[in-house]
Amino acid sequence: MHNIPVTVPPNAAADLIMLAQQTAAKWGLTYRNHIGSGLALVQQFSHLELRQLDEPKVGAVLVDFASDALTFRRLHGGGKKEAIARAIGLKGQDSLHVLDATAGLGRDAFVLASLGCVVDMIERSAVVAALLQDGLNRAAADIELGTWLPANMQLYHGVATELLTDWSHEKPDVVYLDPMFPHRRKNAAVKKEMRLFQQLLGPDEDADLLLEPALALAKKRVVVKRPTGAPFLAGKKPQIEMLGKANRFDVYLTHLKTK
Ligand SMILES: C[S@@+](CC[C@H](N)C(=O)[O-])C[C@H]1O[C@@H](n2cnc3c(N)ncnc32)[C@H](O)[C@@H]1O
């Protein structure tokens with residue numbers, strides 16, 4: 001994993017520099033002034049963003065739960081009929097407690113939280129966790145999202161294999177896993193965000209280690225999101241495979257455990 005600094009745009013005001021230094025200190029990252037190349041977290045007054053500084057055309061990656069795309073999906077998406085909702089077993093008036101142990105930029109977690117789930121999230125990358133927490137903070141101040149989102153989404157920065165094993169909070173109904181999978185070929189359809197992510201994190205080579213502690217913790221099921229055609233996590237066959245266009249949800253029913 002690279003050492004990604006926190007920086008500011010050129011000619012930044014002293015207040016912004018101070019904000020960037022606080023962000024760096026909070027997440028154990030280094031603050032660097034005046035850098036012009038490489039991947040960096042750039043502190044703006046309004047938000048925090050990840051940028052490839054020498055490729056301005058690639059655009060910035062940030063977490064915006066109030067974006068048009070997520071708002072449209074929240075208001076006009078398939079609701080509890082969405083594949084992810086069916087995979088976690090969300091039905092009728094149910095509300096489930098989900099632990100998303102590979103949170104990333106929190107998109108899946110947000111979809112579940114907006115369907116009424118209480119979602120705890122774990123993210124091990126300080127850079128990704130900083131972006132996600134920044135998005136959560138802005139959502140908390142949003143006139144619409146602020147009324148429900150802070151109660152439904154909470155981030156823990158740490159390594160999931162450890163946190164799942166030592167989980168001292170209420171046991172989740174569902175543990176959701178979506179580790180990075182190596183992409184076989186580069187193509188234009190791999191979104192900018194995914195490309196920056198791959199550059200930042202690489203594939204999660206240790207992903208297989210997540211399954212056992214997840215199975216031990218989840219009260220009802222473990223759901224693993226995989227690209228279509230990818231092998232099962234840890235080589236373990238799920239009870240249910242839900243096939244979608246680009247992804248598959250592998251569902252392991254833990255209430256069938258005999259222990
Ligand atoms: C593909 S992304 C998840 C995307 C997410 N589902 C979304 O909708 O935005 C995978 C993330 O899991 C994180 N991750 C992988 N293994 C982890 C582990 N053992 N503990 C905590 N985070 C992990 C990676 O750092 C990465 O940010």
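Visitor: Which residue has a polar side-chain atom 2.7 Å from a nitrogen atom of the ligand?

Guide: That residue is D178, whose polar side-chain atom lies 2.7 Å from a nitrogen atom of the ligand, and please keep in mind throughout that the model is a predicted one. Once the protein is in place, 95% of the 610 Å² that the ligand exposes when taken alone is buried.

If we widen the view to the shell, we find 20 residues around the ligand, of which D108, E123, A160, D178 and D204 come nearest. Sorted by class, the shell holds 10 nonpolar residues, four polar ones and six charged ones. Two helices, α4 (107–114) and α8 (192–201), each supply at least two residues of this shell.

Side chains of opposite charge can pair when their charged atoms come close. D108 forms a salt bridge with K225, with the closest N and O atoms 3.1 Å apart. This pair links distant parts of the chain, since D108 sits in helix α4 and K225 in strand β8 (residues 221–227), 117 residues apart. D108 has a relative accessible area of 14% and therefore counts as buried, and K225, at 16%, is buried as well. A second salt bridge, between D206 and R124, has its closest N and O atoms 2.8 Å apart. D206 lies in the loop between α8 and α9 (211–217), and R124 in the loop between β5 (118–123) and α5, so this pair ties together parts that are 82 residues apart in sequence. With a relative accessible area of 32%, D206 is partly exposed, and R124, also at 32%, is partly exposed too.

A pair of aromatic rings is described by the distance of the centres and the angle of the planes. Three aromatic pairs are counted in this structure. In one of them, the rings of F65 and F110 have centres 4.8 Å apart and planes at 15 degrees, so the pair is stacked. F110 lies in helix α4 and F65 in the loop between β3 (48–52) and α2, so the pair ties together parts that are 45 residues apart in sequence. F65 is buried, at 2% relative accessibility, and so is F110, at 1%. The rings of F110 and W148, in turn, have their centres 6.0 Å apart and their planes at 35 degrees, so this pair is tilted. Here F110 in helix α4 is linked with W148 in the loop between α5 and α6, 38 residues apart. F65, F110 and W148 together form one aromatic cluster.

How values were computed:
Residues numbered from 1 in each chain as written. Predicted model: local features only at pLDDT ≥ 70, side-chain atom pairs only at ≥ 80, totals over all residues. Heavy atoms only, no water. Near = heavy atom within 4 Å. Polar contact = N/O pair within 3.5 Å; in protein donor to acceptor, adjacent residues only side chain to side chain. Areas by Shrake-Rupley, 256 points an atom, 1.4 Å probe, with all protein chains shown as cover. Helix = DSSP H or I, 4+ residues; strand = E, 2+ residues; numbered from the N terminus. Nonpolar A, V, L, I, M, F, W, Y, C, P; charged D, E, K, R; others polar. Salt bridge = Lys/Arg side-chain N within 4 Å of Asp/Glu carboxyl O. Buried < 20%, exposed > 50% of the residue type's maximum accessible area, 1.4 Å probe, protein only. Phe/Tyr/Trp six-rings, centres within 6.5 Å; stacked < 30°, edge-to-face > 60°.
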